[in-house]
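Please examine the structure shown below. The paragraphs that follow consider a sheet and then an interface.

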Amino acid sequence: MTDLERRQDRAPVPSGWDYAPAPEARDIVTLEERYGLYIGGELVEPKSGEYFPTVSPASEEVLAEVGQAGPEDVDLAVQAARDAYDNGWSAISPAERAKYLFRIARILQERSREFAVLESLNGGKPIKESRDVDLPLAAAHFFYYAGWADKLEYAFPHRRPRSVGVAGQIIPWNFPLLMLAWKIAPALAGGNTVVLKPAETTPLSALLFADVLRQAELPPGVVNIVTGDGRAGAELVKHPDVDKIAFTGSTEVGKAIQRELAGTGKRLTLELGGKAANIIFDDAALDQAVEGIVNGIYFNQGHVCCAGSRLLVQESIYEPVIEKLKRRLTTLRVGDPLDKNTDVGAINSKQQLEKIEELVRSGEEEGADIYQPPCRLPEKGWWFVPTVFTNVAQSYRIAQEEIFGPVLSVLTFRTPDEAVEKANNTPYGLSAGVWTEKGSRILSMASRLEAGVVWANTYNRFDPTSPFGGYKESGFGREGGLHGLEPYLDLEESEVRG
Amino acid sequence: MTRLPVRKTYKLFVGGDFPRSESGRTYEAQGQNVARASRKDVRDAVRAARGAFGKWRGMTAYNRGQVLYRIAEMMESRKEELAEFSSGRKEIETAVDRWVWYAGWADKYAQVLGTSNPVAAPYFNFTIPEPTGVVGIVAPEEPALDGLVGRLAPVIVGGNTAVVLASESSPLAAIELAEALATSDVPGGVVNILTGFKAELAPWLAGHMDVNAIDVAGADGEIPELERLAAENVKRVVRGRADRQSPYEIAAFLELKTVWHPIGV
Amino acid sequence: MAKAPALPSGFELPLEPRLPRIGSIDQVAVEERAASLARRSIKREAKLFALDLAVRMMDLTTLEGQDTPGKIAALTSKAIRPDPSDASVPSVAAVCVYPNLVPAAVDRVRGSSVKVASVATAFPSGQSSTAVKVTEVREVVDMGADEVDMVIDRGAFLSGRYAKVYDEIVQVKEACGDAHLKVILEVGELGTYDNVRRASLLAMAAGADFIKTSTGKLPQAATLPVTLVMLEAIRDVHEETGRKVGMKPAGGIRQAKQAVQYLVQLHETLGIEWLTPDLYRLGASTLLNDVLMQIRKEKTGNYQSPDYFTID
């Protein structure tokens, strides 16, 4: 044997294959030290004089300071929106309005990497999600509603669509820019002006969006952005000159808003919490169903209102599903949100982490079995290992309450009736998943599940053309699609029948 | 000697039956003693409505349309009695025609209100309207009969079941209507009609956690309070108007369900 | 390595509800999963590891009517020492040739770690009698082939005569003796992922040591999703029986980047245990040079030109 040939001896099985870090370049984002409020087309100092730090949840590093809008600031923003509405925007031709929206869509596409990085930096979500999901969808949303702006009369037969006025919009921290798009795009398409309140922990992409509006040359005041905590949102809700409130967030706050608006006649749409059942029948395409389970609950760290947080598995297939699921969990890569290979990023805030931890403790105390794959977590920042609870009873808090984190509760069922009963046994009704290869069963389940979105043999899919919203305590009104225009239009009938 | 007419006892209409109020109370309206429902009657009526919901929503649209048309037939044949307790023949005819109009919508509104959605991925995606569930209706005071029909018809044609608080000052037409409903093909519990004091009953309806939507058409000054109570379970609140007739009145009590399915081989 | 079939021949009607049932595959979902795995970003030492592994797993292939002993000589030299200027680059796993060229190949690889694989069973169409196929297999094994790449009878499979397919594989396996059997499903002719899964389970039940996607003679050859479907079938068989079956995607894998994607998929589906040439092969005729270019690029930092790599 020559030296050469000796070297060819089979190499031993490697002990591991660690993917080298693959960080997305952060320097594409330039941050100011301090941001004011975006009112009347300019970033202005808050009259409140208050600023608060916004951080990266993956490192706890302070990224910037942003303004806390006080009552006076919210009032100025609403005034700016009202002025813009009265002086031009509502009268501008719908075709021109459409062109502004198209411009915004294009600029978002052009600057999508910058936004994706910022979204991951400020919110903690994996770059592959902000890059492949949040940004493309946000741009697509503007593109979709742009086209509606000058076609509204075709959308609602026998009605006269007119704008509503000033829309106050309050969005959550789980999909900051995407929720902004869901709110702003249909509002502007309908000819309204906007005061948007981003979530307290994730204001930066909305503030960068202000720069997109500058590039698009949107008239000042058409969109105003007031940052701050819940106080700013509350001011916006109760402002008398706001015609419509759109809120996405917790059911608790949604109810408070509905109460606050009682008797005012203001329009309201609510997109609230969920505790969705993801139902796996024994004839499902199992490996794809397992992917669907993973995508259903660990997508965006489970910070998803429509997350498939309750897994209902048919008893006859319980063991292989759980085995496959546990194995799959060991391949999830938890860590730096800016690493292109990260599957599960940081928990958005310390407060949210504490809430998740508290609920997980309750699950253990109530007697469920916990499984967490071995996982190295970064030392700084807020993290939670993807978690599966088995042996969960319907009455446990982890089966009832929205955890809004990467925590799955597994229950079993024997018959379709039992699955429906368990799935619907909740005050929520946002979404549901069904996995079966039997077509007639899909249609039957889809019809019987009390949920605004039913994903059959898939989960957590979104599209601007597809209406999204809840039944029961998950809220009312739809976002996306033709139906998503309705909350932003006054739709008097062209001829009222007697 | 003239014959002494036999009077009717005006009772509630709950679950297809005509019970007295469990409270044993009555009040005088339009010269008659009318049952004065209690909060427990509201509870029973909601329970009956919930119980009837599954079957009613599960019927085919064609079937529901026929049931609504049958109501029109029954009302037409009781036109004289009904006219007596309302503003007259014209109101009854309008109401009968409303049932006919909404009956025809049963198998059409889904085609007008639903969509198929061209998502940018290999999925079949459609949005269909579905009933919201149990709907509370605070019926308009006037017109007592046509106002009630105008609010009730769009609610039940969509597959919802209803608990109606009848006109407080003119409740008799509602009871007459209940008798027409009882002799038509409407399954028991789909429509439940309570007479009594709205100020007493409406808040129980608005705050009831198993009521999905409430129409406050006849609530007047109590609307803010009812809307506050409705927030307890994120009820859909509809400020209905007596004179409206439109498929969008049906839409107001419908949920939209979007279903996704992959397209593959 | 020969083992009794792990699954009963009547596996279409499993009395046990447990896996591996045949089950089905959702096309959209499996393609999305494969695409998502393909987006992994593999850099620096992790990439070098993958490229080195890709070389060690490669079945360097030539399956042309115009093949000659001279061509085989060039191929085997390349197989043994892929990059003459870099001694740290390992040999490939095997050369894969037509039966007639087995003796030439066996002669040239002697003393090295490189195996000789021969296609057989009326490759690529499989349209001969079982007897002819078995005879051909015996012949190539007698000539010294270490591995046999057979094709399944797609005609029988697609017309539902699964027993015919199964029995033929069993007989070929028997004829292989100690040689490893790779069973080519020719996925491009199977029409659906459901069929790919069914054929995978069938082949494994009949005793395949490896299952392989394609002959390379069709435009539709190995893809990431079809390979994923096969890996998942392998996983199910392992889960149920403890038996480890190997996987060989072949055809259409031409770039180092693709090879890395296949290995990421393998790594995240079957885990580290399968990261060995004993259980995974990449069937390719033109992939090697691109992998060598990438290895040199990683080592030198410079982007490479094909002019510096021999075309064999």
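Two strands count as paired if DSSP finds at least two bridges between them.

The model is predicted: local features need pLDDT of at least 70 and side-chain atom pairs count only at pLDDT 80 or more, whereas totals for chains, interfaces and linings use all residues. Residues are numbered from 1 along each chain as its sequence is written, while chains are lettered from A and ligands numbered from 1 in the order in which they are written.

Strands of a sheet pair through backbone hydrogen bonds, either parallel or antiparallel. Five antiparallel bridges join β4(A) to strand β5 (residues 62-67) of chain A. In β5(A), A:V62 is the residue opposite A:V55.

Pairing also links the two chains: strand β18 (residues 453-456) of chain A runs parallel to β10(B), with three bridges. Here A:W455 lies opposite B:W260 of β10(B).

The contact between the chains involves 40 residues from chain A and 30 residues from chain B; two residues are in contact if their C-beta atoms, placed from the backbone, lie within 7 Å. On the side of chain B that touches chain A, at least two residues come from each of β4 (123-131), α9 (223-230) and β10 (254-262) of chain B, where α denotes a helix (a DSSP run of H or I, at least four residues). The most, eight residues, come from β10(B).
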